Each structure stands twice: as C-alpha cells, then as structure tokens.
Amino acid sequence: LDEIIRNHIPMIVVIRYFAFLTPQILIYVIPMGVLLATLILFGILEKGSEVTAMKAGGWSLYRVAMPVFLISSFLSANLYLMQDYVLPYANMRQDALRNQIKGRPPQTIMKPRKWIFGESGRIFNYDYFDPNQNIFIGLNVYEVDLRQLTIRRRFHAKQATIDTAGKWTLESGWLRDFQSDHAGFIPITKATFAFPEQASYFKKELFAPKESSKLTYFELKDYINYLKQSGYNATELQVELYKKISFPLSCFVMSLLGIPFSFSMGKRGAFFGITASVVIAMCYWGVFSIFEQMGAYGLLSPLLAAWAPNMLFGAAGLALLFTIRT
C-alpha cells in the first residue's frame, strides 16, 4: 500500500494487477480446495451415517469415491491447461504491472530474453540470469548517450559473473567501442569490468513469479536446450519443466489422500476436516519445496525432484485406501 501511494499508482492499475494475478493464485489454491472439499464432504456424510446407509445398500467405498476421483482428474487436466495457456500471458502482464507499482526500472515482458535499464544510460540484455550464482548467459551491455541517442560502447559475453565485491567478469565475448577510431573492436577471453550495478539489481522480489511460469512447457524445453548449448546446465529450470507436468496432478493426489483419510477419521465433523486439510497441505508444500531445492542444487535428478512429492503422498493415499474397510 505504501508503494502504491508513494509512486502515485492509479487504482485501475492495482485492479488490473490483481486480475492478472488471479490465475497464479488459483494454481496454488485448487489442489488444497480439492483436499478441503473431500475431507468436509465425506466427513459430513460419515457424521450423518449416510456412508453407512450406502454400504448397507451394497455400495463399496470405492464406488462412492469414484465421482471424486473423476472430478479431481478433470481438475488436474484443466490445471495443466491453465498453467500452459493462461498463466504465461497472465504472469507477464502482472509482472509488468508489479514493476510499475514497485517503481522498478522498465523491463521487457518479451520471453525469454530480458531487457532492463541500468544506471547512467546503460541497458542490459541477457538470455538468463541465475540469482543463486550471479551468472548471466548471453549478456549484452549497451552504453547509450540518451541525449544524442547514440550507442557509445557495446559489451558482449557468452557468460558473465558478478562477485561479492561487485566486479563483473566477462568471458568469451568482445567489446565494440563506437567512439574510438583505432581500437573499436576488442576481443574478450576473460576480463574484469566495473559496472556500478550489483547482483541485487537484477534479482526479483521473493513473491514475484518465476520466469518459467511465463513460458509454456515446450517453450521452456526449447529454452533449456538453448542454455545447454551455451554451456549452462540449467538444473533449476529442468526441475521447473518437470513440475509443469507433476504439479497439476496434485489435485488427483490430494483426492487420493483425502478420501481414505476422511473415512478413517469417523464422525468428527467438518471442522476436523478443515484442520486436517490445512495440516496435510502444509506438509505437502513443505515436502515439495524441500525436493525442489534438492533438485535445484543437484542433490537429486530434476525428474525425481519434481515427481517425488506426488509419489510419496500418492503412495500414502493408496496405502490408506487399500486398508480401509469398504
């Protein structure tokens, strides 16, 4: 709120920001909503002895639960479609509006290459920035005279890093000086430069969506292949790629875990179901985050890091489902 007031942001911009943020919120809320609805539904049916009545009528619990499995499968499919076809566009728009609200320097919403204004007429253009290692891939730096609208110098590097002291190290590139008559082109094998911009200048805020959320599955896959050809392994992005398939299935996993749990909790009612759903969801997100970080740091393969939480919670759900009395 203080940034909206300080930067004199019109209310229509704030409304548009939350409108484009809604798909991102739904992506996170729908799986927990499936779990919550499942626990409350069967908790109420169990408390009213309606499940007992259905059993007496010859219906097994598997048959009773079948509609929930079908609905959760339908939601998983729609979650994937929303993630791949709606979320990239919505996140590009909301990220641009968030930068405006925060008063940040202008940035492009083109994907995947980034453009950002630096200090003293300096423009940065890069394919990818790793905020953990402060590494740029495919970096171009343009020093521009904004008064005369001319480019003074252009730096290009296949890879660049920023150390803790703020020094820039450019590798496998060149420097083009448009103001020099003699040494206009200088090859760079490995050289250090002193740009005033620090690594924090390029890092996103904690709650900003990840760059991969602005790409579809196949766009991200092509982007990772391009980074690999440039000599960067892109492990964290590979985890994000596999998550695009594994995460939508969390709706089905939540129903698989919620159904047997709701039958086993007896006639404790809806409030117990709400509490249980919150606890289970917190555990799921915690495990998902742990495996995601392990994959990002190379402790697990990206495929295993993305699928392990679903495998663990899915196995727990199947174990409960096959042990309850039907």
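This is a predicted model: local features need pLDDT of at least 70, side-chain atom pairs count only at pLDDT 80 or more; totals for chains, interfaces and linings use all residues.
Close-up 1. Phe 271 is placed in helix H8, which covers residues 270-296. Together with Ile 274, Val 278 and Met 282, Phe 271 makes a nonpolar surface patch of about 430 Å².

**Close-up 2. Strand E4 and its antiparallel partners.** Strand E4, residues 135-145, has 11 of its 11 residues buried and is therefore largely enclosed by the rest of the structure. Strand E2 (residues 122-126) runs antiparallel to E4 and is joined to it by 4 bridges, with Asn 140 of E4 as the bridge partner of Asn 125. Strand E3 (residues 128-130) is also antiparallel to E4, through 3 bridges, and here Phe 129 stands opposite Phe 136 of E4. Strand E5 (residues 150-162) is joined to E4 by 10 bridges, again in an antiparallel arrangement, and His 156 of E5 stands opposite Asn 140.

**Close-up 3. The hairpin turns on either side of E4.** The hairpin of E3 and E4 has 4 residues between the strands, and Asn 134 takes a positive phi near 55° there. E4 and E5 likewise form a hairpin with 4 residues between them, in whose turn Leu 149 has a positive phi of about 55°.

Close-up 4. Because Phe 124 lies in strand E2 and Phe 195 in the loop between strand E7 (185-193) and helix H5 (217-229), the pair ties together parts that are 71 residues apart in sequence. Both Phe 124 and Phe 195 are buried. They belong to one aromatic cluster that also includes Tyr 126, Phe 129, Phe 136, Phe 155, Trp 168 and Phe 193.

**Close-up 5. The pair of Phe 247 and Phe 288.** The ring centres of Phe 247 and Phe 288 are 6.0 Å apart and the planes stand at 80°, so the pair is edge-to-face. This pair links distant parts of the chain, 41 residues apart, with Phe 247 in the loop between helix H6 (235-246) and helix H7 (250-264) and Phe 288 in helix H8. Phe 247 counts as buried at 5% relative accessibility, and Phe 288 counts as buried at 2%.

**Close-up 6. Arginine side chains over aromatic rings.** The charged end of Arg 63 sits over the ring of Trp 59, at 4.3 Å from its centre. Arg 93 lies over the face of Phe 20, 5.9 Å from the ring centre.

Key:
Residues are numbered from 1 along each chain as its sequence is written. Side-chain values use heavy atoms; hydrogens and water are left out. Patches are made of residues with over 30% relative accessible area and no salt bridge: like charges are joined within 9 Å, nonpolar side chains (Val, Leu, Ile, Met, Phe, Trp, Tyr) within 5 Å. Accessible areas come from the Shrake-Rupley method with a 1.4 Å probe; for residues, only the protein chains shown count as cover. A salt bridge is a side-chain nitrogen of Lys or Arg within 4 Å of a carboxyl oxygen of Asp or Glu. Helices (H or I, at least four residues) and strands (E, at least two) are DSSP runs, numbered from the N terminus. Buried means under 20% relative accessible area, exposed over 50%, partly exposed in between (1.4 Å probe, protein chains only). Two strands pair if DSSP finds at least two bridges between them. Rings of Phe, Tyr and Trp (its six-membered ring) pair if their centres lie within 6.5 Å; planes under 30 degrees apart count as stacked, over 60 as edge-to-face and the rest as tilted. A charge sits over a ring if NZ of Lys or CZ of Arg is within 6 Å of the ring centre and within 35 degrees of the ring normal.
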